[in-house]
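Work through the exercises below with the sequence and the model open beside you, and try each task before reading its solution.

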Amino acid sequence: MISLDTMKTVWKGGNAFRSCTGGGCFWMAGNFFHTALDAMYQLQVKDAYGFGPDALKFFDESAPKGTDPRKWPTESGIWVDDYGWWGIALTMAYRYSDALGYDAETKQKFAVRAQNCWEAMNSFWQTSSVSWDIDGAHYSVSGGVPNTLDTAPTLAGRNCVTNEVYWALSNMLFANFGDHYKDPNALASDFFRQGYEQRILFNSKNLVYERLYGMPGSTHHDWTWLGDQGLFAYSSFFNSTGNEKLFDQEQGQLVLDAVKNNMKTASGILHEDLAPWSQYIMDYACGKGTFMRYLSYINSYLHGAFPGLSKYDEYISINARAVWKNRSQTTNQFGFYWDGEGTAPKDWGYRQDTADAILQAAGFTAIIGALAKYADQPIDQVSVEAGAV
């Protein structure tokens with residue numbers, strides 16, 4: 001498959017994310033690995049590409065060397081949400097291990113590292129409250145996991161994505177390994193419940209704010225990110241770790257539909273502007289891909305549980321076709337603007353090979369989602385329909 005071969009090329013055994021100039025390369029590598037896993041699983045191929053061993057090596061090189069993962073947040077400068085991205089990817093690697101041909105030892109390594117990521121995040125849960133005033137109103141939220149306790153960096157603190165990846169990882173590990181991952185004293189869903197009850201979680205279009213409206217740490221209180229929408233919808237849809245009557249399948253689909261109806265080009269293709277902070281445009285460039293990943297998971301579930309009722313097939317397909325149509329005709333590189341509706345920056349603030357890997361993974365998720373739609377057809381027909389090869 002051209003796209004999977006291209007993924008291997010831009011991955012460079014993980015070197016696209018080693019010694020890179022930006023600070024987000026650890027979590028970005030985990031997100032790339034997650035995309036490669038989904039692709040191999042949907043294409044029903046073994047990991048002859050070496051993504052799994054490469055990822056384990058990268059993780060072990062980059063994560064703190066201490067044996068107690070609950071001390072990881074204080075032993076390095078890694079932002080804590082990074083462990084959520086990696087934990088989710090490693091959990092999926094564990095789930096896919098048999099299909100992808102990993103041996104029992106490697107499968108166990110995936111499980112242990114995923115569990116360690118959860119321990120790191122769980123240990124960083126804050127029992128204190130954050131209070132603020134905005135638009136003449138006062139708000140206060142207790143609990144939650146911050147990405148760092150350092151208040152100096154822009155976007156530091158208890159943002160939504162940090163708590164969404166913790167919530168998603170909790171749901172996943174609870175499903176695989178039981179009650180330990182449903183800590184009643186540190187439920188991400190309870191953090192979001194407080195935002196919901198104070199009407200600072202969603203905007204008027206039912207899109208999740210990048211952080212609870214007005215919460216310190218951001219100067220763009222109205223901003224919404226597509227990655228948040230996908231993660232929140234998934235965590236609500238498959239919620240089993242608290243507040244299930246509030247955050248459920250209906251709430252998940254409300255967010256998905258809000259994106260479909262509001263964040264689009266004139267031809268209906270998924271659209272998002274660059275992040276409003278120049279130093280973070282690359283960090284947020286995976287938003288469309290993150291959204292499509294979790295939309296495709298939900299779509300596949302709906303097909304299995306309620307045949308004929310899923311309403312996302314055509315939407316996923318038109319996005320896959322747009323990504324493929326607007327790729328580089330010489331390198332098969334996917335771009336930031338899937339519908340060709342804009343011009344990407346010449347300088348993303350990272351090395352070009354890092355930017356290429358991030359954008360390739362984001363675009364490939366749309367094609368992977370289309371492959372899932374055609375799961376009962378031969379691979380060559382899937383590829384023709386989805387434009388994957």
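**Exercise 1.** How many cavities of 30 Å³ or more does the count come to?

Solution. The model is a predicted one, and the count comes to six cavities of 30 Å³ or more. The next step is to take the largest cavity, which holds about 50 Å³ of space.

**Exercise 2.** Find which residues line the largest cavity, and sort them by element and by class.

Solution. Begin with the lining itself, which is made up of Trp 27, Met 28, Asn 31, Phe 32, Met 282, Asp 283, Cys 286, Ile 358 and Ala 361. Two or more of these residues come from each of α2 (25-43) and α13 (352-373), and α2 gives the largest share, with four residues. Sorted by class, the lining has seven nonpolar residues, one polar and one charged.

**Exercise 3.** Locate Ser 170, and decide whether this residue is buried or exposed.

Solution. Ser 170 belongs to helix α7, which covers residues 160-177. Its relative accessible area is 4%, and because buried means under 20%, Ser 170 counts as buried. Leaving aside residues up to four places away in sequence, Ser 170 touches Trp 118, Tyr 181 and Thr 241.

**Exercise 4.** Describe the helix that holds Ser 170, from its span to what follows it.

Solution. The 18 residues of α7 reach 25 Å from the first C-alpha to the last, close to the 26 Å expected at 1.5 Å a residue. Of these 18 residues, 14 are buried, so α7 is largely enclosed by the rest of the structure. Just after α7 comes Gly 178, which takes a positive phi of about 100°.

How values were computed:
Residues numbered from 1 in each chain as written. Predicted model: local features only at pLDDT ≥ 70, side-chain atom pairs only at ≥ 80, totals over all residues. Heavy atoms only, no water. Buried < 20%, exposed > 50% of the residue type's maximum accessible area, 1.4 Å probe, protein only. Contact = heavy atoms within 4.5 Å. 1 Å grid on protein atoms, 1.4 Å probe; cavity = no way out; pocket = protein on both sides within 12 Å on 5 of 7 lines; lining within 4 Å. Points joined across faces, edges and corners; volume = space filled by probe spheres on them. Nonpolar A, V, L, I, M, F, W, Y, C, P; charged D, E, K, R; others polar. Expected span 1.5 Å × (residues − 1).
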